[in-house]
Amino acid sequence: MNRNKIVVFIIYLMVVGAVNAQTAHFRYFKYQGQDARFEKYIAPSRQYFNPIISGYYPDPSVCKVGDIYYLVNSSFAYFPGIPIFKSKDLVNWEQIGHVLDRQSQLKLDGQAVSDGIFAPQISYNPSNQTFYVTTMNMGERSVFYVKSKNPSKGWSDPVKMKHGGMDTSFFFDTDGKAYVVYNTRPFGGQKYEGQMAIHMNEFDWKGDSVKLATFELTTGSKCVDKPVWIEGPHLYKVGKYYYLMCAENGTGYQHSEVIFRSKSLLGKWEECPYNPILTQRDLPQDRTEPVTSTGHADLIQTSKNEWWATFLGCRPYSQDYYNTGRETFLMPVKWKKGWPVILDKGKTVPTVVEKDNLMPLSSSRQVTGNVIFTDDFASETLDSRWVFLRNPQMDNYILNKDGLHVKATATNLFGNQSPSVLFCRQKNASFTVETECSFMAKSKSELAGITLFQNEKNNFVMGITLLEDKPSIVLERTEQGKRILVASAFLSVGDNLAPIKMRVVGDGGYYSFAYAVGKEAWQNLAKGCDAKNLSTHTAGGFVGTMIGLYATTCHGFQ
């Protein structure tokens, strides 16, 4: 298996056998973003759109080696884990695969969608010329790291750490020593609910071990009376100071970024007088093109000694409703009296930002803006944008020159197993997605089609099945676990059922669904369906909406 892509072997006899075992055949997939905020003209050599990576790509961490930047994101219960990107300008990112691309590296069976991989951090140790990615598998409560000499060629098996809590982060000092910082409970226990601390241990990179002595660096800022959930720590050394930057007050609307400094890692830490150095929590909700929930940032210095910050943020279409999840943003950093500031208080995160000497990618590889993604599945490997929920059974997915074959299995979207579904991210508030599917359902429990999926209890399914023993197309909406059949239509009868095209048009909090039989005209199945069940505000959790190609033998309509 290629380390950076999920390889699906093309074997004709396997395809034939899979078809006989109730297989859905998807001939193509098309996605087109249509956000108004990205329709404005920019000069791509000197301007860029925020977010720099749209859709569910939260908790960005970035490092630079030579003239190449590398960036990783959280992936939670999706496999492969930890998408990794590279760039030469911090703006135009190309996905080079995933860090955890072998099932031996990542166990996700039985985990909820928002469990799994939390807050990875990527760093580079010049002393041994090695890259490190640290993270936590929340479902297993295991903290670990993996190593690589070349991120494009794969990563080691996990090395577990005996010490270290959530959001672990390595710091490699100029004297060759290394440290790990992380979020955990304060020494002496919590004085109030949600109070957390940042602790530090020395890391022996030669022996792959963490030393026992533990030091508490901070229990939070003084921005609010009782700061909660200080997390996502990163250490930096700039001039005579060490800087400790952390997220604070949760990943929702109150999210923020704070920073401290000290002349010694074990000395007294001074709080920045400008804290929070990034937040959007005090701004009016009716502002134009709002970005909310900003935080979980990482700083990076360019070869020209400029400073920039990556961070997560959300783009609501109404109040606190957003279906795309937490995305990756980029802003320049300015220094004020020895302190880095990402955004002055009261300032909004802009959609268009100036940056010189940009190197835009081809439109087919863009990861933000009004993204276009088409796939006829003719390649020997899946595009790195496709992922699975939990650990997949790979022989359920077969590529052939005529498209993708997904074997219908006795799993579905509503439990904690790995269903037969291939996912990519919804990257725009407004979008159109289309596919064509052939599937001969033999019972009302068998279904194949398309899903818009936030989690097990909040989703849409549009698919081919049987109703009243007749071939039908159905639309089902699930909110907080309550499943409702929204619409249905009978299809042509007989063994020669033509391929069915399916289309979803999303517009903020409302989605419309249509279908076409063979080469016939499109027919509306349901218009203006309430899609706020796909918002983080409704569904909870830490992911965004995923668009899936799905097949099951146990969907089971009510």
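**A tour of the cores and cavities**

The largest cavity holds about 80 Å³ of space. A cavity here is a set of points on a 1 Å grid over the protein atoms alone, where a 1.4 Å probe fits but cannot get out. Points are joined across faces, edges and corners, and the volume is the space filled by probe spheres set on them.

This is a predicted model: local features need pLDDT of at least 70, side-chain atom pairs count only at pLDDT 80 or more, and totals for chains, interfaces and linings use all residues. Residues are numbered from 1 along each chain as its sequence is written, and side-chain values use heavy atoms, leaving out hydrogens and water.

Select Tyr-31, Tyr-57, Val-371, Phe-373, Arg-385, Cys-424, Arg-425 and Lys-427. They line the largest cavity, each with an atom within 4 Å of a point. Five are nonpolar, none polar and three charged.

Next, select Phe-85, Gln-95, Gln-366 and Val-367. They are among the residues lining the second largest cavity, of about 60 Å³. Its lining has four nonpolar, two polar and two charged residues. In total, there are six cavities of 30 Å³ or more.

Now go to Phe-29 and Phe-513. They have the most contacts inside the largest nonpolar core, which has 51 residues. Such a core joins buried Ala, Val, Leu, Ile, Met, Phe, Trp, Tyr and Cys residues through side-chain atoms within 4.5 Å; buried means under 20% relative accessible area with a 1.4 Å probe, protein chains only.

Technical notes:
Buried < 20%, exposed > 50% of the residue type's maximum accessible area, 1.4 Å probe, protein only. 1 Å grid on protein atoms, 1.4 Å probe; cavity = no way out; pocket = protein on both sides within 12 Å on 5 of 7 lines; lining within 4 Å. Nonpolar A, V, L, I, M, F, W, Y, C, P; charged D, E, K, R; others polar.
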